[in-house]
Amino acid sequence: MFKFEKFVGEEDFKLLKILVSNEAVMKMNMGRIFTEDEAQGFFQMILSCNKSTGVIGFYKIYLIETNEFIGLGAINENNEYEAKEIEYMLLPKYWHKGYGTQVVNLLIGKIEKFFGTTSIVAITDPQNIYSRKILQNNSFVSKKIYVNEDGESAELFMKGSL
């Protein structure tokens with residue numbers, strides 16, 4: 001159903017920009033859209049992260065049957081919780097179709113395949129009831145609600161031990 005490809009070059013910036021300039025997407029992720037400088041900075045961080053081989057990194061997500069770009073998925077190290085962290089952002093056109101659940105399942109599967117049983121965290125906006133439901137349906141448990149470095153509310157979910 002999905003094809004995951006790492007962001008690897010400048011030609012991928014236009015795809016990331018579609019996500020980070022979409023008000024509905026970013027409201028649920030950062031509380032606001034990114035400026036051009038923030039988008040470019042985030043993209044450079046993605047490219048730097050993706051230079052390493054292996055499963056850690058940021059992925060473009062495409063529907064296999066149509067080759068449409070639908071969003072981003074990521075697996076990263078979360079040193080604070082000694083866990084792997086998953087992230088995902090889908091374009092609104094693809095919301096409420098079960099894709100979020102499938103993407104989370106695939107990210108968890110990649111982590112388990114490469115790292116075995118390990119703790120996994122995800123951070124979401126506490127008002128994002130759909131992401132909360134997706135995470136809870138995948139055995140994630142809400143651990144805390146806090147204010148992030150941008151002054152926005154965030155909710156930490158964890159799957160596995162803490």
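**Close-up views of a predicted model**

**View 1. Asn67, a partly exposed loop residue.** Asn67 has a relative accessible area of 44%, so Asn67 counts as partly exposed. In this predicted model, Asn67 belongs to the loop that joins strand 2 to strand 3 (69-78). Have a look at the backbone here: the phi of Asn67 is positive, near 60°, in a residue other than glycine. For context, most residues other than glycine have a negative phi.

View 2. Where does His96 sit? His96 lies in the loop between strand 4 (83-90) and helix 4 (99-115). Is His96 buried or exposed? With a relative accessible area of 61%, His96 is exposed, because the cut-off for that class is over 50%.

**View 3. Helix 1 crossing helix 3.** This view brings together helix 1 (residues 13-20) and helix 3 (residues 36-50), whose axes come within 10 Å and cross at roughly 125°. Helix 1 is therefore oblique to helix 3. The crossing of helix 1 past helix 3 is right-handed. On the helix 1 side, the contact is made by Phe13, Leu16, Lys17 and Val20; on the helix 3 side, Glu36, Ala39, Gln40, Phe42, Phe43 and Ile46 take part. Sorted by class, the contact of helix 1 with helix 3 comprises seven nonpolar residues, one polar residue and two charged residues.

View 4. Across the whole structure, a search finds eight aromatic pairs. One of them joins Phe42 and Phe58 edge-to-face, with 5.9 Å centre to centre and 85° between the planes. The pair ties together distant parts of the chain, since Phe42 is in helix 3 and Phe58 is in strand 2 (residues 57-63), 16 residues apart. Both Phe42 and Phe58 are buried.

**View 5. Tyr62 and Phe69, a buried edge-to-face pair.** The rings of Tyr62 and Phe69 also form an aromatic pair, edge-to-face, at 6.0 Å centre to centre and 70° between the planes. Tyr62 is buried, and Phe69 is buried too.

**View 6. A cluster of aromatic rings.** Which residues do ring pairs link into a cluster? The members to look for are Phe2, Tyr94 and Tyr99.

Methods. Residues are numbered from 1 along each chain as its sequence is written. This is a predicted model: local features need pLDDT of at least 70, side-chain atom pairs count only at pLDDT 80 or more; totals for chains, interfaces and linings use all residues. Side-chain values use heavy atoms; hydrogens and water are left out. Axes are lines fitted to C-alpha atoms, for helices over the stretch in contact, and angles run from 0 to 180 degrees between N-to-C directions. Helices (H or I, at least four residues) and strands (E, at least two) are DSSP runs, numbered from the N terminus. Angles under 35 degrees count as roughly parallel, over 145 as roughly antiparallel, 65 to 115 as roughly perpendicular and the rest as oblique. A crossing is left-handed if the near helix is turned anticlockwise from the far one by less than a right angle, and right-handed if clockwise. Contact means heavy atoms within 4.5 Å. Ala, Val, Leu, Ile, Met, Phe, Trp, Tyr, Cys and Pro count as nonpolar, Asp, Glu, Lys and Arg as charged, and the others, Gly among them, as polar. Rings of Phe, Tyr and Trp (its six-membered ring) pair if their centres lie within 6.5 Å; planes under 30 degrees apart count as stacked, over 60 as edge-to-face and the rest as tilted. Buried means under 20% relative accessible area, exposed over 50%, partly exposed in between (1.4 Å probe, protein chains only).
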